[in-house]
Amino acid sequence: MVVLEFTRKCSKKRYDAITSAVMFACNNLIPRVRKPVYINITPIHKLTETQGVNGDCMDEEDREFTIRIDVSLPLNEMISTILHEMVHVKQYLSGTLKQPRPGVAVYKRVDYDWEMEYDDRPWEIEAHCKEKQLAEKYFAEEEK
C-alpha cells in the first residue's frame, strides 16, 4: 500500500501525471509491499534551474520518502524523472541503498563517497537503466 501526499499544489494535469507515474512505478518495482510506504511529493517550479536537478529522493526513515520534482519540465521528462526517483525508493526500501551518515552512501554493502561524480554512482547507473525500461513500458501503456 502506498500513501501519496503532495506537500505543495501543482496543476491538475501535473498532479494526475505524477500520481499515475508513482502508482505505475510501485506496481512494477514494489508490487508485493505489504506495509504502507509513505511518499511525499514536493512539486517545485524551476528546480532544475535553481538547484541543478530534475528531481531527488530523500529517505525520511520509517518507510517514508520525499520526492522533489521539477514541474516545469516537459511532461514526459517529468514522468521519467518520477520513475527514476521511484527506483531510489525501491533501493532504499530493499536496503540496497543506505545513507548511514552524511557524505556516505552504502550501495550493495559497499561504502561510497556521496559526493562522487553523479554519473559514476552505481545506484544512479541502476536508476537510469530501470528508468528507461519503466518509461518505455509506461508510455507504451499510455498510448493504448
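How many bridges join E5 to E6, and do these strands run parallel or antiparallel? Three bridges join E5 to E6, and the two strands run antiparallel.

## Basis of the description

The model is predicted, and local features need pLDDT of at least 70, side-chain atom pairs count only at pLDDT 80 or more, while totals for chains, interfaces and linings use all residues. Residues are numbered from 1 along each chain as its sequence is written, and side-chain values use heavy atoms, with hydrogens and water left out.

## The sheet and its pairing

Three strands form an open sheet in the order E5-E6-E7, with antiparallel pairing (strands are DSSP runs of E, at least two residues, numbered from the N terminus; two strands pair if DSSP finds at least two bridges between them). Strand E5 (97–101) and strand E7 (110–113) are the edge strands, each pairing on one side only, and the twist averages 35° from one strand to the next.

Between E5 and E6, Lys 98 stands opposite Val 106, and the hairpin of these strands has two residues between them, with Gly 103 at a positive phi near 85°. Strand E6 (residues 104–107) pairs with E7 over four bridges in the antiparallel sense, and Val 104 has Asp 113 of E7 as its bridge partner.

## Helices across the sheet

Helix H3 (residues 75–94) lies across E5 and E6 and runs at about 70° to E5, whereas helix H4 (residues 122–143) lies across E5, E6 and E7 at about 55° to E6. Helices are DSSP runs of H or I, at least four residues; contact means heavy atoms within 4.5 Å; axes are lines fitted to C-alpha atoms, for helices over the stretch in contact, and angles run from 0 to 180 degrees between N-to-C directions.
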